[in-house]
Structure formats: structure tokens, C-alpha cells
Amino acid sequence: MDTSCNVKRENENQTIEDLKAELHPKSNVKKVIGIVSGKGGVGKSLVTSMLAVSMKNKGYKTAILDADITGPSIPKMFGLKGHVVGNEKEIKPAKSKEGIDIMSINLLLEKDTDPVIWRGPIIGNIVKQFWTDVIWEDIDYMFIDMPPGTGDVPLTAFQSLDIDGIVIVTSPQELVSMIVSKAVTMADKMNIPILGLVENMAYFKCSKCDNEHKIFGESDIKKIAAKYNIQSIARLPIEPKIASACDNGEIETIDPLWLNPIIPSLKLDKSKQTKGDGKMTQKIAIASEKDLVSGHFGHCEGFSIYDIKEGKIDKKEFVPNPGHRPGFLPNFLNEQGVNIIISGGMGQSAINIFNEKGIQVITGATGNVNNVIKEYLEGNLRSTGSVCREHNYAGECEEH
């Protein structure tokens, strides 16, 4: 038996030896998330790009390592051309217009249309070099666009790179269950948690009738997610403006609101995402005045708190506002296990504290709290990012 694959059997379960490659001494990456699929052509690079943009929009420093060496499309989506700067000892990644660090084989080729005709071991080594030789400076979230399938190169990436979790991308077509199964099995072999499932090309929404049309058939994503105990799911539509943005190198102009349902799971804070049964959940608090979203976070009547499982409301409770004093409410909600806070208005100090604790903040919401939570779960709730600067009571929104 060839032992070069570094796979051994222990108690009839396969475990992978620790072959992790070290980052460059000048690099600092806090969290690494791989974007995978059981086959090509389902939109893995698109989801990688949109997740990086989404986290960048939330104030984090993000990066993309394009490990799909034979099908690199990341630079085109971000409008990047030319070569990266480097030498034998270190390479500096390219930067997008909005400051996302990006490394891709296309940024090293003479022409971005040149094919990469290399065998697996060489490609695997290139992926490792993108990890070890590139200087990734103070990155909060690195997203890795993994090669499709479960072959040699994905195996090398899983073994060599310090991946904290993965997001699986699929489509509504009939073979989706088998494709997801392959990705789930590989993640299980590598002991890497699955953070979310994204269904691309899920539907087309007609601008005239406002109805959703299932071009590729009815979706089974919820059944598949339940089968593999994947708690966070999102659905991307067939949207011409997304395709146009990718073709024109303007993916950063798209607000990836459809991915909101899986963003909390990327935090990797198990104390907030798991309960006694070990299942990952979301806990969402909405600053409320009776059944309406409050316009003032600090002086709201209380918080409508929702426990979300498998994309559905599992439990709802109302917690009265325990009091308005500096620094109290963000810490109070953090102790309640909340990982998303929704409000009409909020001060920058409170937003900063929530961000430090890894809690997603959505501002600008209005209307009935039940309608707002439904919008969020459907991926249609957009944060305005607005900050309260003027209000009737001193400090009412500037909770800090």
C-alpha cells in the first residue's frame, strides 16, 4: 500500500496526519473558510467573492486565496489585471478596489487566458505556496476558493492549509444530493466543520409579476441540509446584475444580502452557535417597542429574541430592556448568546462593541418584528449601516 497519501486507519476510522504548512512569518490570518463543491460550474467562485465582499462591508479585513488553479476566475470578478509584486522570499497579494487582498495564479501568468497544464502534485504545491509565501497582513477572514471535486488538489489544500470551516455550494439540479454528499464526506474525513450550504441559481424573480420561477426545478436544499445536519442555508437567485458585475469586474458593487442567513455561522463562536444537542443555531435579537422595531437601540422597550434552527424559528421570547447605561446592553445581549442584533438605529460605540464580540449588527430595519425576522430568514433584509448621531435623549443610541 502506498503510504505517500499520509492516510492511516485507527479504530476503523480514517484520520489525516497533521501536515499543516506554516504561514509566512509576516502573515496573520485569524479565520480561514474554504468554499467547496462536489463538482464544477455551480458558482463556487461567485460565492467566495460575495462572502469576502459581505464581510468587508461589515468592517472586517478580508482576503481571497484562489486555490482553483486550473479555473481561476476571481481576478476577473474583481477587475484585477497585471502581476503581483514579489521575490524568492515573499509575495504581496493584489488588492481589489475596496481593499480585499487577493492571490490567484492568473496574477502570475503572462496572459490571463494562458491555460494551466500541470499535474496534480505541481498544482498542489502552488496552492501551498500561496499560503506560505504570500504575506497576508492582519486578515480577519480569508476565503479559499477550493478546486471542485474531492481529488488530489482539494485533499492537499485540506491537509496543508489551516481551514477553520467550509461552506458548500450547490445548485437545485437532480444530482445535488450526491454532490453535497461527496463534499460532506470529505469534510468529515478531515474533521472540518460545515458552516453553511449555499444553493446557487435557486430561482429567477420576475420583475413584472414578482413571482419566483424555479428554472432548474424545485429546491431540495432544506431536506438536504436536514439530512446532513447543516443548520445555515442561503439561496442565490439567477440575477442578471450579478452576472454583469462579474463580467465587468465589479462584483464589489453588489450587496450580497442573499448570503445574510449564513453570515453568523462564519463567526465560529461555538458558545453562541451551539446548544446542548450540539446543533448549530442562530440567536437573533430585535430591539422592539411592542411588536415594532425600535428606532433607538439604547432606549427600546425590550428585545424580541428568536432562536433559529434549520432556517426556521424554533423559539421566540421577549426580554425587557434591563437598563440603559454605558457598555451594558452589548455585554448583556452577548451573555444571552445573541449573535445577530437588529435595530432601527444604533450608535457607533455600540456597533463597535458588538463587532468586537463577533455579533452581526443590522440597522435601518422598520416595521413589525415578525415581518422583519421573516425578511432576514429569506435573505431580503438589508442593513443600511446607518449610525444614530442625533436623537431626543442624550446617549439613547450611543450605548457604549
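Trainee: What share of the residues of the protein chain count as buried?
Mentor: Of the 400 residues in the protein chain, 51% count as buried, and please keep in mind from the start that this is a predicted model.

Trainee: How many helices and strands does the chain have?
Mentor: The protein chain has 11 helices and 20 strands. Among the contacts between residues at least 6 apart in sequence, 70% join residues at least 24 apart.

Trainee: OK, and what is the mean pLDDT?
Mentor: The mean pLDDT of the protein chain is 78, with 78% of its residues reaching 70 or more. Residues 269-280 have a pLDDT below 50, although the model gives this stretch 25 contacts beyond near neighbours in sequence. Over residues 389-400 the pLDDT also stays under 50, and there the model has 40 contacts beyond four places in sequence.

Trainee: Let's look at a strand. Is strand 9 mostly covered or mostly open?
Mentor: Strand 9, which spans residues 139-145, is mostly covered, with seven of its seven residues buried.

Trainee: Which strands does it pair with, then?
Mentor: Strand 3, residues 29-36, runs parallel to strand 9 and is joined to it by six bridges, and within that pairing I35 stands opposite D145. Strand 4, residues 62-66, also runs parallel to strand 9, here with five bridges, and I64 stands opposite F143.

Trainee: Changing topic: how much space lies in the largest pocket?
Mentor: The largest pocket holds about 800 Å³ of space. Its lining is made up of 38 residues, and those that lie nearest its centre are Y203, E212, R235, E378 and G379.

Trainee: Which elements give two or more residues to that lining?
Mentor: They are strand 12 (204-205), helix 6 (221-227), strand 14 (233-235), helix 7 (240-247) and strand 17 (302-309). Strand 14 supplies the largest share, which is three residues.

Trainee: And what is the lining like by class?
Mentor: Counted by class, the lining of the largest pocket has 15 nonpolar, 14 charged and nine polar residues.

Trainee: One last thing, which residues are buried in helix 9?
Mentor: In helix 9, which covers residues 328-335, the buried residues are L329, P330, F332, L333 and N334.

Trainee: What about G337, what is its phi?
Mentor: G337 follows helix 9, and its phi is positive, near 85°.

How values were computed
Residues are numbered from 1 along each chain as its sequence is written. This is a predicted model: local features need pLDDT of at least 70, side-chain atom pairs count only at pLDDT 80 or more; totals for chains, interfaces and linings use all residues. Side-chain values use heavy atoms; hydrogens and water are left out. pLDDT is the predictor's confidence in each residue, from 0 to 100. Contact means heavy atoms within 4.5 Å. On a 1 Å grid over the protein atoms alone, a cavity is a set of points where a 1.4 Å probe fits but cannot get out, and a pocket is an open set with protein on both sides within 12 Å along at least five of seven lines; lining residues have an atom within 4 Å of a point. Grid points are joined across faces, edges and corners, and a volume is the space filled by probe spheres set on the points. Helices (H or I, at least four residues) and strands (E, at least two) are DSSP runs, numbered from the N terminus. Ala, Val, Leu, Ile, Met, Phe, Trp, Tyr, Cys and Pro count as nonpolar, Asp, Glu, Lys and Arg as charged, and the others, Gly among them, as polar. Buried means under 20% relative accessible area, exposed over 50%, partly exposed in between (1.4 Å probe, protein chains only). Two strands pair if DSSP finds at least two bridges between them.
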